[in-house]
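Here is my note on the two-chain model you sent.

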Amino acid sequence: MKELIKYIAQALVDHPEQVDVSEVIGEQTSVIELRVTKDDLGKVIGKQGKTAKAMRTILSAASSKLNKRAVLEIIE
Amino acid sequence: MKDFMEIEAKTIDEAIEKACREYALPREKLNIEIISEGSGGFLGILSKRAKIRASVLSIDMDISGPFHEMPRSVSKDIPVETQDVNDIDIDMAETSRKMIEGILSRMGFPFPVSIKESDEYILLNIKGDGSGILIGKGGQTLDALQYIVNKALNKNGKERKRIILDTENYREKREKSLVTLARKLGEKAKRIKKPVTVNPMNAHDRRIIHLALQNDKELVTKSKGEGAFRKIIIVPNKKG
């Protein structure tokens, strides 16, 4: 899941080398933390959070395949 | 155990869950075929139940099979082709295909993607497994993927083509059901001589409704609301 978010985020931002993703794995739910530089924050959130929402939708489709849940946190 | 069973539920997700329970198997051990996609119905009419056909995947059809057949390079860390994007000669269709395949393989769906290109758009067709998991409720997963790919490829602001994502013929089916819905609601508006409101929809779906009714002289279509809540109102012409 971590790789998935990293791949998507790197494709969206201007500074892919500064994308950092970490994953806190729980029994049922994992939390995926995405960090980008300040300049790129808007790129991963999008207008009215549309990009962030799209990433969460993709994430939940991918994790439902594994019968799990994943939460995406975008960290400033 | 029967070869397959047909299950009806309010939504596809619910039906799949039911199937898993019936067979007592996880989702990936089942072969799910969607017979009809449910719709919540509009104003209580037209509500359709979702129907699926579920069967157990045979053991030799191991799910891990296709995944391992994928070349290792695809699912491993490929640097995102940012340097290519600035290249004048880049093939946008090929880049978008690589991108979507990269996302899919990381989602655990290493499905092949084919390209159809026209002057206005690039159509990427994902050859799915028939489970509908890539489509999602009301097409939301497919739309999310499409949105991300468009965002990623159009980020440097140059005039670029629109990318349309499709799988299992979903776009065409959706368009047909929207046109049918538009006609039904149009008839209703004429019959009751009052405006009929359609559920909130995205821009693409609204466009289909507008186009479906534009030649009907007895009806006018308008949009109302903001952002994700924007919806169409079908108004019967005053003379009618």
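Predicted model: local features only at pLDDT ≥ 70, side-chain atom pairs only at ≥ 80, totals over all residues.

1. The accessible surface of chain B comes to about 14400 Å². Carbon and sulfur atoms account for 51% of that surface. Chain B has 240 residues, and 39% of them count as buried.

2. Chain B, elements and contacts. Eight helices and nine strands make up the list of elements in chain B. Take the contacts in chain B with a separation of 6 or more: 59% of them are between residues 24 or more positions apart.

3. Chain A, elements. Chain A has three helices and three strands. Read from the N terminus, their order is α-β-β-α-α-β.

4. Chain A, surface and contacts. Chain A has 76 residues, of which 43% count as buried. The accessible surface is about 4000 Å² for chain A, with 47% belonging to carbon and sulfur atoms. Of the contacts in chain A between residues at least 6 apart in sequence, 52% join residues at least 24 apart.

5. Helix packing between the chains. H3(A) and H6(B) have axes that come within 9 Å and cross at roughly 130°. The crossing of H3(A) and H6(B) is left-handed.

6. Residues in that contact. H3(A) brings Lys50(A), Thr51(A), Ala54(A), Met55(A), Thr57(A), Ile58(A) and Ala61(A). They meet Gln140(B), Thr141(B), Ala144(B), Leu145(B), Tyr147(B), Ile148(B) and Lys151(B) of H6(B). By class, the contact of H3(A) with H6(B) has eight nonpolar, four polar and two charged residues.

7. Helix packing inside chain B. H6(B), residues 140-153, also packs with H5(B), residues 92-107. The angle here is about 135°, and the axes are 10 Å apart. H5(B) and H6(B) are therefore oblique to each other. Their crossing is right-handed.

8. Residues in the second contact. From H5(B) come Met92(B), Thr95(B), Ser96(B), Met99(B), Ile100(B), Ile103(B), Leu104(B) and Met107(B). From H6(B) come Leu145(B), Ile148(B), Val149(B), Ala152(B) and Leu153(B). The contact of H5(B) with H6(B) divides into 11 nonpolar, two polar and no charged residues.

9. Thr167(B). Is this residue buried or exposed? Thr167(B) has 0% relative accessibility; the cut-off for burial is under 20%, so Thr167(B) counts as buried. Thr167(B) is placed in strand S6 of chain B, residues 162-167. Lys127(B) is 40 residues away along the chain, yet the C-alpha atoms of Thr167(B) and Lys127(B) are separated by 6.1 Å. Neighbours within four places in sequence left aside, the contacts of Thr167(B) are Asn125(B), Ile126(B), Gly128(B), Leu134(B), Ile135(B) and Leu142(B). Please inspect this site in the view.

10. Ser63(A). Ser63(A) is found in H3(A). Its relative accessibility is 2%, so Ser63(A) counts as buried. Which residues does Ser63(A) contact, leaving aside neighbours within four places in sequence? They are Met1(A), Lys68(A), Arg69(A) and Ala70(A).

11. Gln48(A), backbone. Gln48(A) is not a glycine, but it has a positive phi of about 50°. Gln48(A) is found in the loop between H2(A), residues 41-45, and H3(A), residues 50-65. Is Gln48(A) buried or exposed? The relative accessibility of Gln48(A) is 75%; over 50% is exposed, so Gln48(A) counts as exposed.

12. Lys193(B), backbone. Phi is also positive at Lys193(B), near 55°, and this residue is other than glycine. Lys193(B) is found in the loop between H7(B), residues 170-192, and strand S7 of chain B, residues 196-197. Lys193(B) has a relative accessible area of 59%, so it is exposed.

Terms used:
Residues numbered from 1 in each chain as written. Chains lettered and ligands numbered in written order. Heavy atoms only, no water. Helix = DSSP H or I, 4+ residues; strand = E, 2+ residues; numbered from the N terminus. Buried < 20%, exposed > 50% of the residue type's maximum accessible area, 1.4 Å probe, protein only. Contact = heavy atoms within 4.5 Å. Areas by Shrake-Rupley, 256 points an atom, 1.4 Å probe, with all protein chains shown as cover. Axes fitted to C-alpha atoms, helices over the stretch in contact; angles between N-to-C directions. Parallel < 35°, antiparallel > 145°, perpendicular 65-115°, else oblique. Left-handed = near helix turned anticlockwise from the far one by under 90°. Nonpolar A, V, L, I, M, F, W, Y, C, P; charged D, E, K, R; others polar.
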